[in-house]
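Please look over the sequence and the model shown here before reading on. The report then takes up a few features in turn.

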Amino acid sequence: MLEVRRLRLLHELAHHGTVAATAEALNLTGPAVSQQLAALEREAGTPLLERRGRTLAFTAAGELLVSHADVILSDLAAAESALAAVRSDGAGTVRVVAFPSAARTLVAPLWTKLPGVSLRLVEQEPESAIGTLVHQEADVAVVHSYSLLPRETPARCEEHHLVDDPVLLAVPPALAEARALADGQKVRLARFSKEPWLVPSKEYSCHEMIQRACGAAGFVPDVVAEATDFAVLTALVAAGAGVALIPRMALPASHAPVSLHPLTNPVSRKVYAVTRLGTGRRPDVRAVLTGLGA
């Protein structure tokens, strides 16, 4: 019979890539990891790993077992979490990871909406949040994907739609006045091809979204400023430094005046929660999803 803790070790090896990295992540020694993997191979009755040059690679049987381990460990985690929720009358601990504007606007209010649920929050961008969820270090990941930049949901995970967030063009008031633009009036991006542009940093998907939106409008933006925070970009627009594309949810609660305009060729981001398959039925996780708007 296959032992679960050894399956977990194999699963971690698939994630970390090397025995040394796996041992470090699990606070074990390299020889201890190798011994457990050898024991798992004996249980499986077939080689799971093989040497390819200096690297250790999975055999076909090893890859098959990793895929099953993913399902088994996810189901086991869901069962353990559900039992924990039952023991505490449904008021378990729910670990949430969320990108900044969702953490501010969607997750923060849950502390007063769900007094019976113990919440834990870590702010993470969608790419990291999905990884945290898949590796069972979170129960709910609140993420987004742009209409111009779809995001794949991992296997054995479920999506829960929360809101569609329109992307707006933020324009300095003086420029809007010069162009005779009323606040809220639809605009074509091509009209702003000669303006200086303010964009998120390159490591964020929002940066790529802007490049694609401008490219579809027929120009490459002249970037004069990059920032990690949409509040900074909004302040720069208000100061007259340039124009920016900003999701409505990312606008700071209070900010200096800017003129905001939907696009004639709309761009939006889908905001949604992701859970591992089955965990959405937990009473406490279900309460969090409902509180988020799912």
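## How the model is described

Helices (H or I, at least four residues) and strands (E, at least two) are DSSP runs, and they are numbered from the N terminus. The structure is a predicted model, in which local features need pLDDT of at least 70 and side-chain atom pairs count only at pLDDT 80 or more, whereas totals for chains, interfaces and linings use all residues. Residues are numbered from 1 along each chain as its sequence is written, and side-chain values use heavy atoms, with hydrogens and water left out.

## A buried serine in a loop

The loop between strand 7 (196-200) and helix 9 (205-216) holds S201. This residue counts as buried because its relative accessibility is 10%, where buried means under 20% relative accessible area, exposed over 50% and partly exposed in between, with a 1.4 Å probe and protein chains only. Leaving aside residues up to four places away in sequence, S201 touches H207, E226, A227 and T228, a contact being heavy atoms within 4.5 Å.

The axes of helix 1 (residues 4-16) and helix 3 (residues 30-44) come within 9 Å and cross at roughly 115°; axes are lines fitted to C-alpha atoms, for helices over the stretch in contact, and angles run from 0 to 180 degrees between N-to-C directions. On the side of helix 1 the contact is made by R5, R6, L7, L9, L10 and L13, while helix 3 supplies V33, Q36, L37, A39, L40 and E43. By class, this contact has eight nonpolar, one polar and three charged residues (Ala, Val, Leu, Ile, Met, Phe, Trp, Tyr, Cys and Pro count as nonpolar, Asp, Glu, Lys and Arg as charged, and the others, Gly among them, as polar).

On a 1 Å grid over the protein atoms alone, a cavity is a set of points where a 1.4 Å probe fits but cannot get out, and a pocket is an open set with protein on both sides within 12 Å along at least five of seven lines; lining residues have an atom within 4 Å of a point. The largest pocket is lined by 17 residues, of which P100, S101, T228, D229 and F230 lie nearest its centre. Helix 5 gives the most to this lining, with three residues, and the lining as a whole divides into 10 nonpolar, three polar and four charged residues.

The largest cavity is lined by D70, S74, V134, A155, R156, C157 and R276, which divide into three nonpolar, one polar and three charged residues.
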